[in-house]
Every structure is written in structure tokens, then in C-alpha cells.
Amino acid sequence: MIRKSNRIRHKAAVIFSVLIMLLLSSCAEKTEKSQADTGETVTTADAGETGAITDTSRKSYPYHEISTTYSSRGVSVPAAVVIPEGVSDYPFVIILHGHGGSKDENGGLTTIANALAARGIASIRMDFPGCGDSEEPLSNNCLSNNKEDVLNALAYIRSEYSFTKLGFFGYSMGGRTILELLAEGKIEPDAVCLLAPAARTADMKQFVGGDATWDQAYAEAEKNGTVQIQDPFGKKQTLGLKWFQDLLVYDDVAPKAASVWKGDILVLFGEDDQIIDPENTSRATAEAFKGEIGDATGDGHGYGFYSDYLRLLRHVTDMTTEFFAWNLLAD
């Protein structure tokens, strides 16, 4: 159960952080260069650079990123690990991207990973099949494979690093992946942050064009093994039958996950999200857990990742970082 006093103190910390951000943003806006601008991978950085959003009243750490791979399902999964420097004991956050995205999400997830590291929190993020640097086709992308890749990422960091606590961050379908792992009792994190989680299959049916289009695509995938769909952004994708089948296991995974796991959770979403229903999915997910909600309205389902709305990206990053700092760094 979430402790009420912790939630009140956390909300106060978030409000304080946002006020500081607003005071500093006018002088920083002209010079900031975020990862969302460049999309480049940072290998080493001083705290506060390359998109790491920090509160100057707190200690900030330099950090470095390691490009690596780990084994899962008999293939090599591309991954990025960001480690804070000068910290002997640190927690880890596993960061999951959305469907068709990447471990960087055009710099958005890179920014979040760097900001966490500047606060003394390590992270790993990976490319799911057919995404980013993955050498697999997108037709191999499905919740079953993605969940296995996440569990093997957890096994990888446990074998390579010593860490204190564990958190998960999931964007869109990455959030769905985390919720299914929670529902199935396969992970026991200390804290979870979800950004517009695709908890309900109804949203994904709309993603492919609605119920009728879903049924047609499913039938074609059953016949041929794969089917080409066009997503709401006009991009064509070749999906495998398992992508559809896995999504039908849970109509809404949040209630099941909430009945199994009772930890601290923050759900971020925008009221203008055109992909994941803000009320019936995102807000309902937070309510199922009796968790906290963060407002990230302003850029639809992009959340500043794929636009020049850097203020929203900063806001999402600040809320995420403060939540994990409170729940993973506090004794």
C-alpha cells in the first residue's frame, strides 16, 4: 500500500521542483541543448548536461553510458546502461519503450536516463524486436518476447552490477509490458512509473484502425503469419500473429496487476493523448493501484519526445526523477 504521508511529501517535492524549473527555465531556455534535439547517444557527461534535468539544490553526479548487448531468446538484445559516477550504492531503473519506438525514443528516454543518473540512479533500456538497433524484424515483436527480454535485462544487471533497489519505467506498450509482468508475479520492484500505459486492449484495437480493421488484420495474420497495418501516424508496420494473440490475454491488465503488487506507483498521462485513453485507461490504471497521478498534457501521445516541446519533456522528466528519487534513494 502507498503510505499517505509519503505521497503528501512526494507531491510537495514535485511542486517545489516544478517551481524551481519555472524560475530557471527563462534563463536556461536559450542555451539548453537536449537529447530530444540531437537524438545522439552520450557516452560521458557532467551532471546537468545533455538533457539531464537537475535540481541545483541537490547533489548532482556525473555519469557515463555504456552501449552493450545481452542474450535473450537466443538473440543479442541491444541495450544502453547509464551509471552515476562517484556513487558506491545506487538503485537501478529498467526503462521500457513503446511499440515501434526505441530505447532512446528520439532522445526522450535518453533524457530521463541521464536525469536519473545525475541523481544517483542507474538504468538500463533496451530495443525490443524490430525497434532501434534490433536486428530482428518487427514481426517478432510481441508482449511474450518483450517480457522475456525485460526479465533477461534484469538477470543481466543482477549479474553485472550490485544495486540497492529496483524500479521500472514504461512508456505506452512498455507500460503494458510492466503491468503484465506484475500481474504474473514475475517482478517485484520497489517503485513503478508508467507514462500513458497501454493497459487496455481496446486502445490497441483503435491503434490498428478499430474493431473491424483489427478483426481483418487478425484473420490475415492467422492465414499468412504476418499482416501489414498502418498506424495512426501513417507509418506501415508488419506485425506477426503473436502480437495480436498476446494482446488478447488481458482485456485490461491493470486490475490484475494491482491485485498482485502493492508498491508505490506514479502514472503520468496527458488529457490530450490520442492513442491511450486518458480517463478509461491511464487514470483508471492509477486508481486500480490507488497510486499517484501526474499531469503531462500538451503534446498528445508524444510527451515532448518527438516534438520541440522541451518544457513538457522537462516536466515529464522532473516528475519521473523526483518519484524515483523519493522511493529508491530514501532509507
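Tutor: Start with a term: buried means under 20% relative accessible area, exposed over 50%, and partly exposed in between (1.4 Å probe, protein chains only). Helices (H or I, at least four residues) and strands (E, at least two) are DSSP runs, numbered from the N terminus. The model is predicted: local features need pLDDT of at least 70, side-chain atom pairs count only at pLDDT 80 or more, and totals for chains, interfaces and linings use all residues. Residues are numbered from 1 along each chain as its sequence is written, and side-chain values use heavy atoms, with hydrogens and water left out.

Student: Which residues in α5 are buried?
Tutor: Among them are Met-173, Arg-176, Glu-180 and Ala-183. Eleven of the eleven residues of α5 (173–183) are buried, so the helix is largely enclosed by the rest of the structure.

Student: What comes just after α5?
Tutor: Gly-185, with a positive phi of about 65°.

Student: New topic. How many aromatic pairs are there?
Tutor: Rings of Phe, Tyr and Trp (its six-membered ring) pair if their centres lie within 6.5 Å; planes under 30 degrees apart are stacked, over 60 edge-to-face, the rest tilted. By that rule there are twelve aromatic pairs. Phe-92 and Tyr-161 make a tilted one, 5.4 Å centre to centre with 50° between the planes.

Student: Where do those two sit?
Tutor: Phe-92 is in strand β4 (92–96) and Tyr-161 in the loop between α4 (143–160) and β6 (166–171), so the pair ties together parts 69 residues apart in sequence.

Student: Are they buried or exposed?
Tutor: Both Phe-92 and Tyr-161 are buried.
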